[in-house]
Amino acid sequence: MISDGHFWLTIFISVPLYWLLPVRLRAAFLALASYAYLLTLDTPAVLALTFFTALFYVLAPRTQGPQRIRRITSTLVFAVVTYLAYFKYLPGVAALFDDDPVLAHAIIPLGISYFTFKLIHYAIERGRNKLPAHGFADFACYLFLFPIFTAGPIERFERFIAQRDTQVDTTMISDGLTRIAHGLIKKLVIANLLLVPFYGSVTDVSILSERLEELPVYKVWGFFLLSFFYLYLDFSAYSDIAIGISRLYGFRIVENFKWPVLATDIGVFWKRWHMSLSGWCQAYVYMPFIGLTRNPYLASFASFIVMGLWHTGSLGWAMWGVWHATGVVAFVSWQHYKRRRKWRGLARPGWRWLGLPITLAYASMAGVFSSAMDALGPYVALRIFAKMLGL
Amino acid sequence: MTMNAESLLKFMVDSLDVDVSDIALDSPLFSSGVIDSFALVSLMTFLESECPMRVAPEDVNLDNFDSIERILAYVARAGSSE
């Protein structure tokens with residue numbers, strides 16, 4: 001979106017108008033402004049979301065009996081997950097049986113992964129009666145808010161309503177603009193101008209695969225470390241811009257990244273990387289799995305596989321989830337083992353910081369699955385993996 | 001046995017090896033990472049062993065478990081409905 005002039009024009013026009021309006025009209029105005037802008041990007045997706053918005057607002061249960069609440073919530077969640085699966089997952093499944101399936105030509109609706117997760121959150125929390133009183137305009141504004149529509153963060157509804165200022169001041173505007181500037185510098189200068197040249201001649205995973213035999217191990221590692229840093233800078237830059245623009249309208253959107261590149265273990269990494277997605281999965285995948293199975297290992301694998309498939313419905317991203325789940329499970333098991341053995345010395349800062357390069361390396365290796373496996377197939381991905389391990 | 005904040009804190013120190021010196025009744029436990037989410041099962045088992053209640057699958061959420069006061073409120077609700 002940031003390369004689209006209409007995006008910035010929408011902000012330039014709508015921010016002053018938003019603050020000139022009475023408070024009671026602002027949510028409706030911002031929902032409409034977002035709606036109008038998003039219609040220009042992907043009309044079918046926005047129309048489909050309009051249908052789901054009305055459906056969820058009208059049907060999401062509030063004060064009925066527990067059986068009825070469960071039934072309605074399950075139906076709504078099933079409906080929106082089916083919609084997500086139709087566009088995001090079925091084409092991949094169909095391709096297993098047909099070289100050119102009709103579904104492969106379906107265009108994935110804009111922002112589908114984000115708005116389906118927000119809708120699921122809304123239906124479940126409304127069924128639990130945990131949402132604040134709100135009108136349709138608040139709900140529509142929450143779903144359609146254009147700065148966070150395509151790249152998140154995945155905000156929670158109650159937080160969205162609670163963290164909204166109704167008085168504009170210079171600090172708010174200055175904070176918003178500063179955050180936008182940070183994002184733009186991160187994306188355009190640090191990632192695109194300063195980091196990209198370090199790739200040298202190995203600019204993508206296909207070239208890496210073609211030259212795998214001749215490349216030294218450190219160059220393969222270098223490629224995946226650079227890709228990890230690029231992904232972090234790129235994605236966190238979009239989050240900065242989205243959070244900064246939302247601030248111009250008075251919203252304090254949830255943070256998505258908190259220096260994950262400085263995490264000293266994989267557990268901390270996942271408290272700092274894509275926090276809104278991991279928080280969503282903790283609430284709606286991990287905890288229900290714990291409730292049903294009482295098995296934290298199974299719940300971890302389920303959560304990370306959902307996180308992987310949330311990105312893309314592919315084997316590579318599913319394996320990305322398995323890789324991270326394995327890391328987290330192994331790390332937590334090690335923590336519990338240390339605790340039982342009373343090995344407290346290993347918690348000292350010096351030891352802890354040793355975990356930083358290990359965590360970075362582990363997180364970077366996940367790129368073998370998310371990029372190489374999908375682009376080049378499992379065999380090539382495993383060859384790259386083996387090369388990185390010096391095999 | 002009646003569950004109270006002291007029993008919960010003692011369980012967190014003895015079984016989960018958590019430093020509870022900075023934990024207030026409303027401090028987030030799981031969402032802040034004070035307690036790792038793997039310990040949730042241990043906590044549920046502890047509550048069920050100490051109180052006349054069973055944690056239902058649909059009750060396993062942060063609203064019921066993310067702070068000492070939320071846990072105590074949940075135990076009181078769940079115990080009274082048993």
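The model is predicted: local features need pLDDT of at least 70, side-chain atom pairs count only at pLDDT 80 or more, and totals for chains, interfaces and linings use all residues. Residues are numbered from 1 along each chain as its sequence is written, while chains are lettered from A and ligands numbered from 1 in the order in which they are written.

**A helix of chain A**
- Helix α11 of chain A (residues 217-248) has 32 residues and spans 47 Å from its first C-alpha to its last, close to the expected 46 Å (1.5 Å times one less than its number of residues).
- Helices here are DSSP runs of H or I with at least four residues, and strands are runs of E with at least two, numbered from the N terminus.
- Just after α11(A), G250(A) has a positive phi of about 95 degrees.

**The contact between the chains**
- Chain A gives 16 residues and chain B gives 13, where contact requires C-beta atoms, placed from the backbone, to lie within 7 Å.
- On the chain A side, α12 (266-272), α13 (275-293) and α15 (315-341) each supply at least two residues.
- The largest share of that side, 8 residues, comes from α13(A).

**Chain B**
- Chain B contains 4 helices and 0 strands.
- The radius of gyration of chain B, taken over C-alpha atoms, is 12 Å, close to the 12 Å of the globule rule for 82 residues, so chain B is as compact as a globular protein of that length; the rule is 2.2 Å times the number of residues to the power 0.38.
- The C-alpha atoms of chain B fill a box of roughly 35 × 25 × 20 Å along the principal axes.

Conventions:
Two residues are in contact if their C-beta atoms, placed from the backbone, lie within 7 Å.
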